[in-house]
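Please consult the sequence and structure below alongside the text.

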Amino acid sequence: MSNLHPGFILMASGILMLLLPYRGRIVLGVIAPALAIWSSLQLGAESSLNYAFTPDITLELIKADRLAICFVLIFAIITLIADIYALKTQSKTEKCAMLIYAGSSISVALAGDYISLIAFWEIMAVSSWFIVWSGKQPESRRASYRYLVLHFFGGNMLLAGVIALYCNGITQVGALTSDVGPAFWFILIGVGVNAAIVPLHTWVPDAYPEATVEGTIFLGSFTTKVGVYCLIRMFAGTELLLVAGVIMALYGAAMALIENDLRRLLSYHIISQLGYMVVALAAGGALGIDGAAAHAFNNILYKGTLLMCVGAVIKGTGKGKITELGGLYKVMPVTSLCFLLASFAISGIPLFNGFVSKALVMEALTEGGHTACYWLMTVASIGTWMSVALKINYFVFFGPGSGEKHQVAPAPWYMNLAMITGAASCIITGVFPELLYRILPYSSSGNPFTLHHIMEYVALFLGSSVVFFGLRKIMAPHDMVSLDFDWFYRKPLAKVVFGISKVLHEFFKGWDVNVMRAVGGVKAVLAYNRPKHRQEEFMPVGVFMVGIIVVCVICALAIHSMI
């Protein structure tokens, strides 16, 4: 059974969702990811699934090394938790897209050749686009098309790189260097779109808040982490990515500090947390790769929990802006507690899973001698603490509130169960980090609970907390629109495109007019109409042409007979 593909289980179940009645979809939504988890646990180095696509090309659908298994396992786990959260989602097409999206993400992680990888990559892009589109609001539709355009751009970059690799005889997914030529840069850009490397990141805060609250859980768990997986697989040790990772971590945290919309704020923190993973894999070595994989694993758990809690708030109150909320711990105690725990995890508080994976990341930077990166990432951690653990907890859940009385619908039991499961997992893997460390690619066994490390984080967080509460009026969110890099293609680039389109339209319009005039003139000559008077003086053009042909034939025969 080690050759049973967990991604295929989810994708087949997604298609089956379209045929089942409502109660059947509820049951399958739990059984399918549970089977995927079981199948993931059966994978090993001996697992393989090959398909002879042509006599010369064999698709390697399962290549299960430790890196792939680590990502496949967490993808299957979060699918189960997210499916419990979305247990009673009415739309069967959305549930179909969710499972296909999760299954294709797993399939990318298991793909051993580039053809399989890019095929599942595109399935992942289309199914995630449909999840954004399923928000069914006008802005959801617009955001979904922008999402699709950017991901098709990334997919085409990846395809161009894969074609170049095949021309060089490279067919198996593996580490790449600049020695492979343009393929290196094409693939780096294509993967960089999915990994939300700044400035290719704008699709995350643009699209994720426009999906349904259930859809956002899936979106926040897969696409960007698949991008990180591919960066680890292909570009580990690429020092250029150190700069990219630091920019991502700082930029995401800074944008979150000024953001008012809850889901956009957490979307920016997806980008910030990805920065830690990119920095770690860029540092390279066993410790860097393990740090990136561990942080991706933990991020899926605590980020999923944060998004579930925010989704419960939006479902319960009908509001998603911080300025519209406050004091919710009184009416949503489970959601408030789960969010508090997950916010401690993302911030890196000791005894939570974010702490143990950040410890590997920071140790990899120290070991590699990247001192400047180390301190810049520490600054990003402070930004995370202030924008999530302090800002949201204070202004949304535990602070005095806005003074408005909220009509709150309590979260249903299955949403509470999913949130509690996610929050508990953040604590379990934080208290017992060896559960995570032993499934990492190189089984790094660092000790995060050193007194120096704990005191460093405690001092940073206490100091930033004093600053936050001292300036809480300034730190209070404001109801405004924050501009991002997408402004460049929403405004100036859009005007450039429309301008070029207008010029081309006028050019071809003039071209068509002149061509039609020329065609009309030729037609007037070839299709000459006899005048109504003195018809006997004019010979029809057809008879004239036949006469010429006959004369030519006679001349040819005469010349032939003379020869």
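What is the mean pLDDT of the protein, and what percentage of its residues reach 70 or more? This is a predicted model; its mean pLDDT is 88, and 91% of the residues reach 70 or more.

**Confidence**
- In the stretch of residues 533-541, the pLDDT is below 50.
- Beyond near neighbours in sequence, residues 533-541 have 4 contacts in the model.

**Packing of α14 and α16**
- Two packed helices are described by the angle and the distance between their axes.
- For α14 (residues 333-347) and α16, the axes come within 9 Å and cross at roughly 170°.
- Angles over 145 degrees count as roughly antiparallel, and α14 and α16 are therefore roughly antiparallel to each other.
- On the α14 side, the contact is made by Thr-335, Ser-336, Phe-339, Leu-340, Ser-343, Phe-344, Ile-346 and Ser-347.
- On the α16 side, the contact is made by Thr-384, Trp-385, Val-388, Ala-389, Ile-392, Asn-393, Phe-397 and Phe-398.
- The contact of α14 with α16 comprises 10 nonpolar residues, 6 polar residues and no charged ones.

- Ala-411 lies in the loop between α16 (371-398) and α17 (413-431).
- Ala-411 counts as buried because its relative accessibility is 18%, and buried means under 20%.
- Leaving aside residues up to four places away in sequence, Ala-411 touches Ala-312, Asn-416 and Met-419.
- The C-alpha atoms of Ala-411 and Gly-316 are 6.6 Å apart in space, while the two residues are 95 residues apart in sequence.

Definitions and conventions. Residues are numbered from 1 along each chain as its sequence is written. This is a predicted model: local features need pLDDT of at least 70, side-chain atom pairs count only at pLDDT 80 or more; totals for chains, interfaces and linings use all residues. Side-chain values use heavy atoms; hydrogens and water are left out. Helices (H or I, at least four residues) and strands (E, at least two) are DSSP runs, numbered from the N terminus. Buried means under 20% relative accessible area, exposed over 50%, partly exposed in between (1.4 Å probe, protein chains only). Contact means heavy atoms within 4.5 Å. pLDDT is the predictor's confidence in each residue, from 0 to 100. Axes are lines fitted to C-alpha atoms, for helices over the stretch in contact, and angles run from 0 to 180 degrees between N-to-C directions. Angles under 35 degrees count as roughly parallel, over 145 as roughly antiparallel, 65 to 115 as roughly perpendicular and the rest as oblique. Ala, Val, Leu, Ile, Met, Phe, Trp, Tyr, Cys and Pro count as nonpolar, Asp, Glu, Lys and Arg as charged, and the others, Gly among them, as polar.
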